Amino acid sequence: MLSRTKEDACVFLDSNGLCRIHAKFGEAAKPFACRIFPFSVRPTLKGWQVSLRFDCPSVASSKGKSVSQHESGLRDLVRLLPAPLSISDDTAALQGNLEATREETDGLMDRITRWVRDDRYSMAIRLVGLARLTSTLSMAKLVNVRGSRFLDMLDLLFRVLPEEAKDLRESSTPRMRGLFRQFCFAHVEHATLEEARGGNWSKFKQRIRQLRKARRFLKGRGDVPDLRGLAGEVVPAFAQVEAIGIEEGSTEDVESLFQRYLLARLSGRECFGDGFFGWPMVPGLAVTWLSVAAIGWLARYSAASRGRTSATFENFISAVGVVGRAIARLPAVGSPAERMRISYLLRDDGIARLVKDYAF
């Protein structure tokens, strides 16, 4: 991943937002990741898996050509890639060291995808339902429920999911909210060009700053530390961010954005295994639902830092770009500390409560 400026922009962009490498040497001279943007690819048993990048504003806004219209160009670019050293089979552990079979993996993902597309329910209900489902799976002894029995159990759980989602009344606790704010911070903090070029002392000071900021996010008091790529001209307090709502008339657009974001991550298998730092399926999916809540919180921060009292669709576009870039690209997002955080939040419906409180 290329280092970025303090404004969270690529170091090779000029003042007009255009690539200096492209301007001087042509498209062929650009790094492969830049040429293929806003797509990413990885090898699987079925061939190269193409995923969309939501840090592209056009993707987040659902503008431009369809994926099928890019197929020819993508095939030409993929031919430039060397033969992969390893190929993912898109399976992972279900939980802990309990490996999922292909049948179990595809069955779970197919059912989740159908639920995400099910417009009989609001996106809020769909998200809370998925979070409660994941919490249930995290507590189940899946070693005793394998193969067709596992799929039968999923069918039963999905049948009661609408009522399970509507039945959630509790809000998140202060401890849950503190850990959640740290989760949001992990998606934003990255090295600038100056920090990446610095020596050991510079990197040590950067780490100390990160730890201090993380502590402030845990406490959630006072002013919010600057969040690169989202900060405006105002320094809001944590309480101001919490008070921000969604601009009237924007909910439908936000729901559509969340659906497209989730479907892209699910189809690209960017939730577990090789697609997400080697995580097992259950905690990896929990991260996926919580990342939607993080988009909601960061959109509120973006709005508050611009003196607004409600978050616009544009604020959500900015927030999904930050989270989309961090997934599978910022090591902190997949660190052991994050695994511990998610493990804690899976208890007592913590993920579901946070999704209910912050996604919308």
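Which residue forms a salt bridge with R120, and how many Å apart are the closest N and O atoms? The legends below, which refer to a predicted model, begin with that pair.

**View 1. The salt bridge between R120 and D118.** In this predicted model, the partner of R120 is D118, and the closest N and O atoms of the two residues lie 2.7 Å apart. R120 is exposed, having a relative accessible area of 64%, whereas D118 is buried, with a relative accessible area of 15%.

**View 2. The salt bridge between R102 and D106 in helix α5.** R102 and D106 form a salt bridge in which the closest N and O atoms are 3.2 Å apart. Both residues belong to helix α5, which covers residues 102-117, and because they are 4 residues apart in that helix, about one helical turn separates them. R102 counts as partly exposed, its relative accessibility being 33%.

**View 3. The salt bridge between R269 and D106.** Here the side chain of D106 meets that of R269 in a salt bridge, with an N to O distance of 3.2 Å. This pair links distant parts of the chain, since D106 sits in helix α5 and R269 in the loop between α13 (251-267) and α14 (281-304), 163 residues apart. R269 has a relative accessibility of 12% and therefore counts as buried, the cut-off for which is under 20%.

View 4. For the model, the count comes to 11 salt bridges.

Definitions and conventions:
Residues are numbered from 1 along each chain as its sequence is written. This is a predicted model: local features need pLDDT of at least 70, side-chain atom pairs count only at pLDDT 80 or more; totals for chains, interfaces and linings use all residues. Side-chain values use heavy atoms; hydrogens and water are left out. A salt bridge is a side-chain nitrogen of Lys or Arg within 4 Å of a carboxyl oxygen of Asp or Glu. Helices (H or I, at least four residues) and strands (E, at least two) are DSSP runs, numbered from the N terminus. Buried means under 20% relative accessible area, exposed over 50%, partly exposed in between (1.4 Å probe, protein chains only).
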